[in-house]
Amino acid sequence: MEINSIIENGVWIIQLHGKLDSFTAKQVEDFLLAGIAAGQAQVLIQAEHLEYVSSAGLRIFYLAAQRLAERGGQLVFCALTSHVRRVFDIVDMASEFSLFATRAEALLKFDEHKP
């Protein structure tokens, strides 16, 4: 698993490359939760290079979203591969998270919440 991140317009954009499974989940969890603990409140997961997500990966997303909500933040996803999108649809994550086709569309979601 490769994790890259940047901050754009106050949004922490995390790009995940590879498979998010029980072997890589701890790495992603530690990275996400450390950033949230350090004050990141607006988080975008850009997933066009995420090949696979298991239940362990989904658990991390729910945990991160809970931590962000406690701080008035949010977790948004964009550019999901068809396989990952299918997994999200099966567990009905679209009802709990905002999913966007592109990074530009997702960043507009964060603009809605700015004063």
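Mentor: The accessible surface of the protein, computed by the Shrake-Rupley method with a 1.4 Å probe, is about 6,000 Å², and carbon and sulfur atoms hold 52% of it. This is a predicted model, in which local features need pLDDT of at least 70 and side-chain atom pairs count only at pLDDT 80 or more, while totals for chains, interfaces and linings use all residues. Residues are numbered from 1 along each chain as its sequence is written, and side-chain values use heavy atoms, leaving out hydrogens and water.

Of the 115 residues, 45% are buried, meaning under 20% relative accessible area, with exposed being over 50% and partly exposed in between (1.4 Å probe, protein chains only). There are four helices and five strands, taken as DSSP runs numbered from the N terminus (H or I, at least four residues, for helices; E, at least two, for strands).

Now zoom in on helix α3, residues 82-90, where Val84, Val87 and Phe88 are buried. Viewed down the axis of α3, these residues fall within an arc of 100 degrees, so they line one face of the helix; the arc is that of the directions from the helix axis to the C-beta atoms. An α-helix has 3.6 residues a turn, so residues three or four places apart point the same way.

What covers the buried residues of α3 includes β3 (42-53), α2 (55-70), β4 (74-78) and β5 (98-100). Turned away from that buried side are the exposed Ser82 and Ile90. After α3 comes Asp92, with a positive phi near 60 degrees.

Terms used. Contact means heavy atoms within 4.5 Å.
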